[in-house]
Amino acid sequence: MSVSHKVGTMKSKQDEEEGLDTAEGEEWMQGKTLVKPPDQLDLTEAELNEEITRVLKASNPNAPQNVVRYSFKEGCYKPIVFVDQMAIHFELEGNLVHKESDEGRRLMAKQAEVDDGGGVERPDNVAIKAAKREQKLTNQFNFNERASQTLNNTPRDISCQTEPPPRANFSATANQWEIYDFYVEELQRREKSKEKHEGQFLNKEEDKSKKKMIQAETQNDDISQLAKVVKIIERMVNQNIFDDVAQDFMYFEDASDEFRGEKGTLLPLWTFQYDKAKSLSVTALCWNHKYNDLFAVGLGSHEFTQQGGGMLLFYTLKNPSYPEFIFNTASGVMCLDIHEHLSYLVAVGLYDGCVAVYNLKKKTDQPIYNSRASSGKHTSAVMQVKWQKDDLDSNHNFISVSADGRLVSWTLVKVQIQMTFVKCLRKTTSYNVKLNKCVFFIGLVGTSLDFHKQKDYSFLVGTEHGKIHKGSKYYSSKFLEKYDAHFMNVTRVKWNPFHPDVFISCGWDWMVKIWDQTMKSPVFTFELKTSVTDVAWAPYSSTVFAAVTTDGKVHVFDLNINKYEALCQQKVVSKKTKLFNIEFNPVHPIIIVGDDRGHVTSLKLSPNLRKKPKVGDALILCIEKPTH
């Protein structure tokens, strides 16, 4: 007999002795059959092994979202940002008391007294109570929750009271004799002050100029004290008069742009004019780099037969009725430029070839620097001036181009201005075989000048013969590149403020052209059907520019929207009026244009004309270079 058989026999006998049924005891060891419902789906092994992820969130969908609480600090109702997301499905208030607390000890003592004085108990109850007394609780806190809440500090109002300032009521009436007496007393006071200052320098002939200066200061003493107050009152009056224009400047947006597609309009705002400048033309415009509401206007004439005196005016958008500063010049102003960092310094080029520098801080109408024939000047009209960075000696300097074909650098040294030759524009050289030498050079007439925005040593010069020359201040012998730009006079050339290789030009041949400095031919060409006198890039987009023509129209282009025609062509002046200059405001969405009658008109761009590029897009022009 094997061992396994013996073990099985002994186990069966033991079961029989214990009264167990062998068949019934071994049922759990038998295999169980699975009962399959008739509507159960049959899934493949891949579908059974597929994991389905469910994300459970702790937020309560039924929680309110507009709960407010009263804020004692701010004294108003404030919305609650964080709402309690806990949802209670079942809550039962119990009466459990901690056994170590005072109330628990009293209840246990009372229960003990009841148990001791309750008579004879049954034996089974005594055994049960003994077992309960010996049982140890694993949680001494008996599932009680403890919490605490701090009280909010009650708000307190602290106030103090001061004595009101003393007041006095004054009233009086003034008649003509009282006003007359006051003026007589004022004249006597001035006479005494004048005699006092003259007595100090009575026997000193060298102080005659000082006596004149003191007399002028004495006469204008009281008037100068009221100048600032009068200026503020004048601006307040003008703001009330032109209140509708000021409201349009700040808030008006042309809603009809939504129905024009990509087209836009120009809204006329203020017109700046000076009565004494009606016979002059606007020859230059420039915005102040520090004060965005202040701009300078140069007045002169482009005609040789109409030359005379000129003017330099400064207007502000806060007072369109009268200039802030007025400077008279002996010759007509042809160009000007305001210093980028020192906004009170203004360089001016005149028709007689002189250049001058004005300081707005000085209380004088004379320039602080002025070129003379003895110290050096241009021999023809100065067409463009541009401020440069200070030299190694920290002297201010600027460069000018003239119709005599010369580029000259002017340095401000103490009380004089020094002239330094930079480059000369030359067209051809005539060579005589008999004399075996060069006889003469034909000089080009410079009409426009602009320096690169990043590389301040690189510049472009436009000429009267339609050529554009690219040069460098480091190479004075020759130009680096020449572009056959126009068939007639180049009236303006400007670098793009965003793209380092792109510049724009316009001329009397009706053309506006956009160039890439690495290419000989223009990238874009636009014909405006009349002479183009000025063009300007927008400061907010690399693809927006505007041009003015002699028929009084303003043309606004956006190459990012339309590469073939202007988004706006609008006549902004009366008939037979020519536009000569245009400038974009560096901050506000307005432009200013100057005409041949001495008027400056400000215009607001509609929303379609001042669309900025999207965030993340490169501010570059869409230029396709030819592939070889």
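I'm calling a residue buried when its relative accessible area is under 20%. This is a predicted model, and I kept that in mind throughout.

**Entry 1**

I looked up Tyr-358 first. Its relative accessible area is 4%, so I put Tyr-358 down as buried. Phe-327 also counts as buried, because its relative accessibility is 4%.

I then went through the aromatic pairs, and the structure holds 27 of them. For Phe-327 and Tyr-358 I noted ring centres 4.9 Å apart and planes at 45°, so I logged the pair as tilted. Planes under 30 degrees apart would have been stacked and over 60 edge-to-face. This pair links distant parts of the chain: Phe-327 belongs to strand S7 and Tyr-358 to strand S10, 31 residues apart.

**Entry 2: the sheet around S10**

Where does S10 sit in its sheet? I found an open sheet of four strands in the order S8-S9-S10-S11, paired antiparallel. The edges are S8 (333–338) and S11 (369–370), each of which pairs on one side only.

Between S9 (residues 345–350) and S10 (residues 355–359) I noted five bridges, with the two strands running antiparallel. As one example, Val-348 has Ala-356 in S10 as its bridge partner.

I also checked Lys-361. Its charged end sits over the ring of Tyr-344, 4.3 Å from the ring centre.

**Entry 3: second largest pocket**

I got a volume of about 1200 Å³ for the second largest pocket. It is lined by 32 residues, and the closest to its centre are Lys-231, Glu-324, Phe-325, Leu-360 and Lys-363.

Which element gives the largest share of the lining? That is H8, with nine residues. Helix H8 spans 221–241, and strand S7 (325–329) likewise supplies at least two lining residues. By type, I wrote down 13 nonpolar, seven polar and twelve charged residues for this lining.

**Entry 4: a second tilted pair**

Phe-526 has a relative accessible area of 4%, so it is buried. Phe-545 comes out at 0% relative accessibility, and therefore counts as buried too.

Their ring centres are 5.9 Å apart with the planes at 50°, so this pair is tilted. Phe-526 is in strand S25 (residues 524–527) and Phe-545 in strand S27 (residues 544–549), so I noted a link between distant parts of the chain, 19 residues apart.

Key. Residues numbered from 1 in each chain as written. Predicted model: local features only at pLDDT ≥ 70, side-chain atom pairs only at ≥ 80, totals over all residues. Heavy atoms only, no water. Pairing = 2+ DSSP bridges. 1 Å grid on protein atoms, 1.4 Å probe; cavity = no way out; pocket = protein on both sides within 12 Å on 5 of 7 lines; lining within 4 Å. Points joined across faces, edges and corners; volume = space filled by probe spheres on them. Nonpolar A, V, L, I, M, F, W, Y, C, P; charged D, E, K, R; others polar. Phe/Tyr/Trp six-rings, centres within 6.5 Å; stacked < 30°, edge-to-face > 60°. Buried < 20%, exposed > 50% of the residue type's maximum accessible area, 1.4 Å probe, protein only. Lys NZ or Arg CZ within 6 Å of the ring centre and 35° of its normal.
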